[in-house]
Amino acid sequence: MRGLTDKVVLVTGGGYSPDQVGSGLGQSMCAELAKEGAKVVVSDLSLERANATVDRIRDAGGDAIGVAADVTDEASVHGMVSAAVDAYGHVDVLVNNAGVFGAYLPLLDIETSQWERVMEVDLKGVFLATKATLPHMLERGSGVVINVSSASGLVASEVGAEYTTAKHGVIGLTKQIAYDYGHRGIRAVGIGPGVIKTAAFEGAEITSDFPFYDLTMQAPAGRYGEPHEVARAVCFLASDDASFIHGHTIPVDGGSPIR
């Protein structure tokens, strides 16, 4: 894959813990990026989780550092970007992966606090991290912003109204970043994972009452995705091989049907 050797990639939500819902996808992204030769800045709310990913990368001979950051806090996000620049001199690629799930409820059943939490992490977090990183990229005249949306950013699903809304917003923000800064050397793209076998699903039996069973099993792939399958797509989008892809969000969902 062209264009990742010695690139500095900052990944939010890149830590790992077996008891953290959704954990594993960010770690897989970081590991695959490092395997392609990137220098990876692993950011997570927990430094312990971030360092768990750093250890995996270094054990495999890669180059990475861990940073603790809260993507909903502007000062914390600026500290995260400063740590990346201090360590490696610049940031070539930002992967906005940090996120939380919804409450699996329709709109009338969602508490306002739950709505705000998902919006803060899943949408505002993307805004803040991009806003903090872009000036460094613009100064160099190049950069890639990869926003992790979801299959739920394209269709409605069981995960809930607040998650679906936030992830649709991420897709819109990706288009706007491309529109605003594409002519200045910044490439903004998105990725829309389907149901991926992260820590949330480890050991779970896939039966008809399992979340997203119908949405997934009616799709052409007929199975849940593996973290590395999303991570490989992220590596492609981060690389020079994807140099003519701007503003679009690529589904990696096994062909999940629209409903």
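Q: In what order do the elements of the protein chain run from the N terminus on?
A: They run β-α-β-α-β-α-β-α-β-α-β-α-α-β, which gives the protein chain 7 helices and 7 strands; here helices (H or I, at least four residues) and strands (E, at least two) are DSSP runs, numbered from the N terminus. This is a predicted model, in which local features need pLDDT of at least 70 and side-chain atom pairs count only at pLDDT 80 or more, while totals for chains, interfaces and linings use all residues. Residues are numbered from 1 along each chain as its sequence is written, and side-chain values use heavy atoms, with hydrogens and water left out.

Q: What describes two packed helices?
A: Two packed helices are described by the angle between their axes and by the distance between those axes. In this structure, the axes of helix 1 (residues 25-35) and helix 2 (residues 47-59) come within 10 Å and cross at roughly 30°, where axes are lines fitted to C-alpha atoms over the stretch in contact, and angles run from 0 to 180 degrees between N-to-C directions. Helix 1 is therefore roughly parallel to helix 2, a term for angles under 35 degrees.

Q: Which residues make the contact between helix 1 and helix 2?
A: With contact meaning heavy atoms within 4.5 Å, helix 1 contributes Gln27, Cys30, Ala31 and Ala34, and helix 2 contributes Ala52, Thr53, Arg56 and Ile57.

Q: What percentage of the residues of the protein chain count as buried?
A: Of its 259 residues, 51% count as buried, meaning under 20% relative accessible area with a 1.4 Å probe, protein chains only.

Definitions and conventions
Angles under 35 degrees count as roughly parallel, over 145 as roughly antiparallel, 65 to 115 as roughly perpendicular and the rest as oblique. Buried means under 20% relative accessible area, exposed over 50%, partly exposed in between (1.4 Å probe, protein chains only).
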